[in-house]
2 protein chains.
Amino acid sequence: MISVKEAEDILGRSLLPIHLETVPLDKSLGRVLAEEIVADRDFPPYNRVTMDGIAIKGAYYEKGQAVYKIEKVVAAGEPRYAIKDESSCVEIMTGAVLPDGLDTVIRYEDVTIENGEATILVDNVKTGQNVHGKGTDRTKGEPIVPKGRVMGAAEIAIGATVGKTHLKVHKLPSVVIVSTGDELVPIDQTPEPHQIRASNALMLQAAVQSLGLPVAIRHLTDDHEAVIKGVRQLLNDFEILVFIGGSSRGKYDYIPETLEENGVSRYFYKVKQRPGKPFWFGAREAGNQFVFALPGNPVSCFLCMEKYFKPWLKNSLGVVEHKEMATLKEDIHFKPPLTYFAPVRLEYKGGQYTAIPMSGQGSGDLANLADADAFMQLPEDQQTFPTGSTYPIIKYRHAL
Amino acid sequence: MISVKEAEDILGRSLLPIHLETVPLDKSLGRVLAEEIVADRDFPPYNRVTMDGIAIKGAYYEKGQAVYKIEKVVAAGEPRYAIKDESSCVEIMTGAVLPDGLDTVIRYEDVTIENGEATILVDNVKTGQNVHGKGTDRTKGEPIVPKGRVMGAAEIAIGATVGKTHLKVHKLPSVVIVSTGDELVPIDQTPEPHQIRASNALMLQAAVQSLGLPVAIRHLTDDHEAVIKGVRQLLNDFEILVFIGGSSRGKYDYIPETLEENGVSRYFYKVKQRPGKPFWFGAREAGNQFVFALPGNPVSCFLCMEKYFKPWLKNSLGVVEHKEMATLKEDIHFKPPLTYFAPVRLEYKGGQYTAIPMSGQGSGDLANLADADAFMQLPEDQQTFPTGSTYPIIKYRHAL
């Protein structure tokens, strides 16, 4: 039996090797970038007008000229124009190329236009204003988005701007969720009193999908031969195997021994925690296949998924997230020498989370998960966790 | 021109009407629940064993009996057994139904088993231990998950447990992103100096997709007839129209007038903010179609999307999120009487975010978005925002 810290360390050292693939930009949302996105030209690529109005040469304004003949109307998207008479102006739109010979833009609100002439009404015009100078953001060849970044809306916009129709990203591994146990019935059936519906597999499927990964679901019955055959096939087909149940020491739990017979080494079994103690983790020799066997109890399974499996999956894809914290609003007492993951409700005020412990604390209480927002991680070397103290939390509430 | 607060208030009062639809449970991730999920039977449905070990009647242990004849081995998934001799025991597995006549489970680690008998090695057995009593979590008919909850992995697990193969959820509206302007070229083409690639539409598409909504993309050229025809068709086909560019006062911006001619009332135009001032919002008479016209400047467009459009879309689906806060690590000065959305990098320590202002603060600086993690919302009635003060932030970094 190992500590939570040891389990985290082992998982952190046992990551899936990174493989790359190329995807279209508009399919890259949520993917981890494996190349730099680089400026393909200067940004902006020309002196860009940032207000609708008129463009002038500032030197004339500084000499006191208020009225300017309108030489042309320039829209965004027109090729660059060269002004013929620098003491004239053009009407010009946001996004347009500033004409050669001009350097300053005055917005429509600050001019009147009559009989082909614009009159400036304000006295605070500064030469160069309302112009976004060529190359001031990035010069051609400069990196804009670094490797390892998760592609979001901003990164996709930048990729589009520099013409990256395709991107190199980290390849997604193949994941299978494997439920075990004859007490499970499909969710569309009415279980006998001694049976339960197979909820854990759907739960894990949702969790993996929420990370954007495809995922398969399989079921193994409590039959030794079926387990042996099934495990071999799964190791053949998938990189990440997540078994549910089948890791505890009961007589009908053949999974760990079958895995070891098929070259999967046990990295750890049992973690000093509640819920989620009977948690098994291992890998195949080559280190390119990993196996999780999570406890069958729904809350234990959920905790191991949120605390270990999802962060491991993110780490394997190159994403490390900071741990969030919350401050206890009521005392918690917990005697066993185990790390206790207490279900808590969260309140957010003034930039910080406060955690309110839930009353029902049985690890089997699936309904409790619906009332809580997070687990609070309380260390094994304390028995009392006083109001006002701060501990890490694992938020799991889905917010669209 | 209205304030940020007024814009938020108008948007908050102008939500899409909620329609319902039924989806399969395993497709419900991220959807907003429109019914209660109710316990279909007691939870647990029987006295459930929570440890692998032996089950006894505690009264015999209390009378001093340490050795128990093993009457049977009971696995999870077997129908309920009734013990024949209450002074005997059964071997029993986690998840199994506790046999009638027994009430207490002792884990394997605390017993030895030899010659068909189990001997208890510990002296701290408590009657009722390691049994999760029938109906202690929820009784049949009790609600477990409330209406309005966004379906996450926990809610899906609960739905599966109670046999909800299908769920009533809020229907997703149809969204179209409409880019405008002749200066735009497709992203796979090399733009002339006066042209830019159409990045905003892909950015908005990614943002809408990240909320789980399907989204279409269209383009309108700067041609009055094309705009009139296009707007009519779009109003025919979609509930939410998001125009990019085309809302400012330039001569080539026909969108707002065409919208108004087609029965879309303007709710506001221009918000006292930087970036993102020329932001237009309206609705069609019946109040079941909404139109956003976001500024064409990429950073302005991005800000309006993160600050207004995404929260409005979430609100319309029934999801309200708390505003996150951060504390400034350096002073910011901003003189204009506008709400300033400052790009900041975030650090997380001890349960709170610290915000580091970015140097390049031009609203046109798309590259800046890649370096920052969030916008910090600084109120219009101040010019100096001192180190150590706390303001709302809009986090936009995608974390898988």
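The structure is a predicted model, in which local features need pLDDT of at least 70, side-chain atom pairs count only at pLDDT 80 or more, and totals for chains, interfaces and linings use all residues. Residues are numbered from 1 along each chain as its sequence is written, while chains are lettered from A and ligands numbered from 1 in the order in which they are written.

**Symmetry**

Chain A is superposed on chain B by a rotation of 180° with 0.0 Å of shift along its axis, at an RMSD of 0.0 Å (least squares on the C-alpha atoms of residues with pLDDT of at least 70 in both). The two copies are thus related as by a two-fold rotation axis. Within chain A, the residue closest to this axis is Gln352(A), at 3.0 Å (C-alpha). Because 100% of the interface residues of chain A are also interface residues in chain B, the copies meet through the same surface.

**Strand pairing**

Strands (E, at least two residues) are DSSP runs, numbered from the N terminus, and two strands pair if DSSP finds at least two bridges between them.

| Strand | Partner strand | Sense | Bridges |
|---|---|---|---|
| β18(A), residues 264-269 | β20(A), residues 280-284 | antiparallel | 5 bridges |
| β20(A) | β21(A), residues 290-294 | antiparallel | 4 bridges |
| β22(B), residues 324-328 | β28(B), residues 390-395 | antiparallel | 4 bridges |
| β22(B) | β25(B), residues 352-357 | parallel | 2 bridges |

In β20(A), Trp280(A) is the bridge partner of Tyr269(A) and also stands opposite Ala293(A) in β21(A). A hairpin is formed by β20(A) and β21(A), with 5 residues between them; in its turn, Gly287(A) has a positive phi of about 75°. In chain B, Thr327(B) has Thr390(B) of β28(B) as its bridge partner and stands opposite Thr354(B) in β25(B).

Definitions and conventions
Contact = placed C-beta atoms within 7 Å.
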